[in-house]
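The entries follow in the order in which I checked them.

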Amino acid sequence: MENNQKPEGVKSNDCYKYVNRDLSWIEFNRRVLEEAQDPTAPLLERAKFLSIASSNLDEFMSVRVAGILDQMKAGYHKKDFTGYTPSGLLKRLLKRANRMVADQYKAFRDLTRQLAREGIFFPSYDELNSTQQKEMDTYFHEIVFPVLTPMAVDQSRPFPLVHTQSNYLAVVLESCVPTDLRTYFAIVRVPHNLGRLVRVPVRTNSKKLEFIRMEELIKHHIESLFSGYKPIAVNGFRLTRNADLTLNEEGAEDLLEEIEKELKQRRWGAPVRLEVEKGIHPYALELLRDEFEIGEGCFEIDGPIDLTYLIKLPQLVGGRAHLYYPALEQVYAEEFEHTDDFFEVIRERDVLLYHPYECFDTVADFILQASDDPFVLAIKMTLYRVSGNSPLIGALARAAESGKQVTVVVELKARFDEERNIAWARKLEKSGCHVVYGLVGLKTHAKITLVVRQEQESLRRYVHVGTGNYNDNTAKLYTDVGLFTSHQVIGEDASALFNEMTGYSSPHDWQAFIVAPADMKTRLIELIEREGRHALAGKPARIVAKMNSLSNQEVVDALYEASQAGVKIDLIVRGVCVLRPGVADLSENITVRSIVDRFLEHSRLYWFENGGSPDVYLSSADWMTRNLTRRIELMCPVRDEELQQSVINLLELCLRDNVKARFLQPGGNYIRAAENGPKVRSQFDAMNINRWKVRKREYTR
């Protein structure tokens, strides 16, 4: 019972009520890893999940573990509400992370064996035939060698900058001069811009595919970089640094310049984790650990360091359809399929979209039409994460150039997308858009677009609200819900929200929206408490909530109280969950399940039964402290009864999943759902849109 758990008789006034957030995250990444271990999944899909698990762990180490180390350096030793001190938590996290890494590489070895049966190989240089070796020698000397820079470390040349999450080779050398008995050391950065896997030529009629890893190719030719010296050992290593930005927003005259400066500083972030190749030369290991001052955060890797490169393997392989999931046939939303006028459709009825089953092109086309429509006066939009070639940026720029009032709230602090967002912000500003970088101390995470259009002798507002980013790439990989509406009250709230984000405005009396940090936490707790009152009064009372993470203590306590009042609560939480379900006299009416499958479950959907008059919301916000107190977030009601039922149908479909759902146990661990009756795989069943979507043919506001 390692997760600070107490099996029975949990008292309501102690830390055993909660699962630790970071330990819960480890459990989440284990569920991702289980997808890579699933023997029923296509092999290249398993490779993707292995890459994702590795990438997730990178971010966890560079942000969450880095934050714990910062606390320890600052002398902070208090327990959190789950009962852990920073030092005690760090020990448990590193122990579990090491165990997970071992499981990752066990899965990797199993995957490579099975890929070999499919004719996909990853040979070492020595396993190549003579013709292949000559080809690789030529490739190295013509393409790779000119890019490499050996960097010696000695008294006159201090340790060079080691970039975070880049692959390096540590080279221990001795002089070829017999009288020189000294040991020399150098490092070589493996070039990331040439690709990690190099395709090895095979016979013309061969169906085999062979790839050699870039570091293996460099290792074999390492002597060419050190004339007059003999390499004793060549071992891979990789450093992870603290990647969290420390911004002085209050004192920054220009937030964009402040973030650009901090991004440059990120490369010098404090070392957090050192990964080294198993069997690394002791002299190299000692130098690396001393230089980076790494203690417990040293991971010995039994395999190729950094498995994130596997995400590109499917596109390198190509063909071989049985190694992938069948391609998803996205459909264009039926409501807009036979019209060129989005505004006419949205005037008549609200429209709900579920991505990726309904394609993001619908949203992009709405923005494109608004940009070109001569009656559109203004477009206002939030951008958090945008793809590298987003059509939305060009449309917004064109709208501004044609004289429309275009306002874009760009979140520069979207972690690891800061540089891309800075580039988009500059492009939009040059085209005449009014670009706002959000409010000091808050991230703008709400996903909303407002279009103001002149119609006859009045103005009408058209609004799109979503649970996910305006990103055409991730919209193919994430499940998200979006709502189009021209409802007057929602339009008025949308205008007020943009006014608060871009100017000076007194707190608004929201008519439809629930907004963080203004009142979302308070309103959520009120909605939860209302269900408790309904239950005590014998009225229908139920909560079904789908989100990415649940970690706010006050919200969890409200859910516990509602459970004790008799409210049936079903939580669908993909990742972190600090609530312990199924505990007698505390949470026995609460279930928590996590669905990890082909697509990233990203939609936030909330259903409160409300005595038989349901309230249904879609939201950008998880029930985490950061979302409720440090971000601009939005909950938007779904007011149309048919669309409410569509959302309820989606939630009930998730609740029926008995293939990919895992249930959280009181002890903090997860078990798979029992496959009682017919198999239900919610993501696959959702492909049949008619199974969950209620379409209204006639509409009156």
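I took a salt bridge to be a side-chain nitrogen of Lys or Arg within 4 Å of a carboxyl oxygen of Asp or Glu. The model is predicted, so I kept to its cut-offs: local features need pLDDT of at least 70, side-chain atom pairs count only at pLDDT 80 or more, and totals for chains, interfaces and linings use all residues. Residues are numbered from 1 along each chain as its sequence is written, and side-chain values use heavy atoms, with hydrogens and water left out.

Entry: salt bridges.
I searched the whole structure and got 44 salt bridges. One of them joins aspartate 58 to arginine 238, with the closest N and O atoms 2.7 Å apart. Aspartate 58 is in helix H2 (residues 43–73) and arginine 238 in strand S7 (residues 229–241), so the pair links distant parts of the chain, 180 residues apart. For these elements I used DSSP runs, numbered from the N terminus: helices are H or I of at least four residues, strands E of at least two. I also looked up burial (buried is under 20% relative accessible area, exposed over 50%, partly exposed in between; 1.4 Å probe, protein chains only). Aspartate 58 and arginine 238 are both buried.

I then noted arginine 453 and glutamate 455, whose side chains form a salt bridge at 2.9 Å, N to O. Both residues, arginine 453 and glutamate 455, are buried.

Aspartate 615 and arginine 530 form a further salt bridge, with 2.8 Å between the closest N and O atoms. Because aspartate 615 lies in strand S24 (residues 615–619) and arginine 530 in helix H15 (residues 520–536), the pair ties together parts 85 residues apart in sequence. Arginine 530 counts as buried because its relative accessible area is 19%. I also found one network, joined by salt bridges that share partners: Asp58, Arg196, Glu215, Arg238, Arg273, Glu275 and Asp306.

Entry: sheet.
I found an open sheet of 3 strands in the order S1-S6-S5, with mixed pairing. S1 (120–121) and S5 (197–200) each have a single partner strand, so one side of each is left without a neighbour in the sheet. Two strands pair if DSSP finds at least two bridges between them. S1 and S6 (residues 209–213) run parallel and are joined by 2 bridges. Isoleucine 120 stands opposite leucine 209 in S6.

Entry: one glutamate.
I checked glutamate 291 in helix H7 (residues 282–292). Glutamate 291 counts as partly exposed because its relative accessibility is 39%.
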